[in-house]
Amino acid sequence: MQMTATKQMINVDVIKGAVAEKIDAAGFTSWIAPINFEIENDVLNCGVQNQFSFNYVMSAYGNVLRSVAETFGLTLNLFVGSAKRTVVANVAPVANDNNTQSFTPAVVAQSNNSIAFDSFVATDDNIFVLSACKKIASGAAAFSPLYVHGAAGCGKSLLMECVKNASNGRVIMMNGGQFVAEFTRSLHDRTVFAFKDYCRNCDTFILDDVQSLAGKKATMDEFLQLVVDLKAAGKNVVLTANVAPNSLTGFDRRAQSLLASGLVADVVAPNAHVKSVLLRRAGVNANVAEQLAVRIANDGHLVAGVATKIKAYTELMGTAVDMDVATRLLADTLQRAKTPLAMVKNMCEKLGVSYDAVCGSGRSRNLVLARQTMMVVLKNATGLSLAEIGNYVGGRDHATVLYAVRQIEKQKATDLVLSAQIQQLIEECR
């Protein structure tokens, strides 16, 4: 009797190993590993947690399980729950039909259902991503997943709220940190299948800040499998991150490729016009809003904070805020008048090079491009002469600056990304 039990245990392990060799690691971890395998009377009994999982395993891995079972001279019996019965494969999927598991998010984020696409101030730079979001919210898009990227404060989360409120059907929206926490909790509580059901039982799935999954392998595998399953089911997937897919750190090539398999669109940080509109919408005097817009960093979060502070001052003090009051009230927020040196140091930070390297004699390709870009920006954003511009980038003479300007102008004609980057830097320096 003891020998029989030992033999069965070994056979189950061998069978699992044989299945693992035939499918990808993410699929095995997410769907096959949680199955309860037993061998009885030449029958391989495979018990899954719920009806949804049964339907997916049957459709995606049924042939593999059956083939492996036959290799060992066994008959496959795939069923739901603990009863060792075969379930008909065409039963409609119902999440947790046998109530073996349940899942409810630990924290449900409060969202403002009144936020609409009109809340996002459109510019020529952002009209494409705005149109893509509207299209996917209408349900008519065929480019899922939609991957939206941009720096903090450029409006990604606002767009996601707009998509959520404008979409029909069931919408699930999480941020990356919440997804990690909920998946970890489902593993701890042994409700991982219910968590899978919860995420897949929707028409649109939105995940904000994908970069939060970096370095968390199990969560990453689950998330990638989720994206694959939702795509296969014709569901909408909308993702945001701070960088493009191929620039994500902690994501392997397979993950980057999957995230870039739909439509990738970037959001440009708010310019002076956008900041002015946002401030006026918040009740700031138009004249004050215009002047503040050019002295606030291009960060939507910062603009919202400024508007809140001005509104609170008006309510508490019972007086309107003019520019003198605003300057004193926002002394810790407003940028000082930009000097050429400050512009160069700010561009060094944006372009990922050090100020010492720019002023030095280094000739690497990236460094030369950054140095030449700064010269062009200073020429267009300031009234400095070519010789003066050269002084701010390491004491170059006017001929070097003139050569740099001509080289960049040639590249701009064929490199639209470089052209857009330079235009944005010019606007920030003015």
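The legends below describe close-up views of a predicted model.

**View 1. The largest nonpolar core and the surroundings of L44.** The largest nonpolar core holds 59 residues, and those touching the most other members are V19, F37, L44, F179, F205, L207 and F223. Helix α3, residues 51–71, supplies the largest share of this core, with nine residues. A second, separate core has 26 residues, including M343, A370, M374 and V405. Beyond its neighbours within four places in sequence, L44 is in contact with I15, F37, E38, I39, A69, L74, T75, L76 and N77.

**View 2. Aromatic rings around F183 and F195.** Five aromatic pairs are found in a search of the whole structure. In one of the pairs, the ring centres of F183 and F195 are 5.9 Å apart and the planes stand at 45 degrees, so the pair is tilted. F183 belongs to helix α6 (residues 176–188) and F195 to helix α7 (residues 192–200), so this pair ties together parts that are twelve residues apart in sequence. F183 is buried, with a relative accessible area of 5%. F195 also counts as buried, at 0% relative accessibility. Ring pairs link F179, F183, F195, F205 and F223 into a cluster.

**View 3. Charged ends over rings.** The charged end of R170 sits over the ring of Y198, at 5.0 Å from the ring centre. For K345, the charged end sits over the ring of Y355, at 5.3 Å from the ring centre.

**View 4. Helix α11 and what covers its buried residues.** Helix α11 spans residues 286–293, and its buried residues are V288, A289, L292 and A293. These residues cover an arc of only 130 degrees around the axis, which puts them on the same side of α11. The cover over the buried residues of α11 includes α10 (272–281), α12 (300–317) and α13 (323–329). At the start of α11, a side-chain oxygen of N285 comes to within 2.9 Å of the backbone nitrogen of N287.

View 5. E40 is in strand β1, residues 36–40. With 37% relative accessibility, E40 counts as partly exposed. From E40 to C348 the C-alpha to C-alpha distance is 69 Å, and the two are 308 residues apart in sequence. N41 lies in the loop between β1 and β2 (43–48). Phi of N41 is near 50 degrees, which is a positive value in a residue other than glycine. At 69% relative accessibility, N41 counts as exposed.

**View 6. R190, in the loop between α6 and α7****.** R190 has a phi near 60 degrees, again a positive value in a residue other than glycine. R190 counts as exposed, at 72% relative accessibility.

**View 7. The cis peptide bond at P145****.** The peptide bond from S144 to P145 is cis, and its omega is near 0 degrees. P145 is placed in the loop between α4 (127–137) and β4 (146–149).

**View 8. G215, in the loop between β6 and α8****.** The loop that holds G215 runs between β6 (204–208) and α8 (217–232). G215 is exposed, with a relative accessible area of 72%. G215 and T249 are 34 residues apart in sequence, and their C-alpha atoms are 8.7 Å apart in space.

Methods:
Residues numbered from 1 in each chain as written. Predicted model: local features only at pLDDT ≥ 70, side-chain atom pairs only at ≥ 80, totals over all residues. Heavy atoms only, no water. Buried < 20%, exposed > 50% of the residue type's maximum accessible area, 1.4 Å probe, protein only. Helix = DSSP H or I, 4+ residues; strand = E, 2+ residues; numbered from the N terminus. Arc of directions from axis to C-beta. Contact = heavy atoms within 4.5 Å. Polar contact = N/O pair within 3.5 Å; in protein donor to acceptor, adjacent residues only side chain to side chain. Core = buried A, V, L, I, M, F, W, Y, C linked by side-chain atoms within 4.5 Å. Phe/Tyr/Trp six-rings, centres within 6.5 Å; stacked < 30°, edge-to-face > 60°. Lys NZ or Arg CZ within 6 Å of the ring centre and 35° of its normal.
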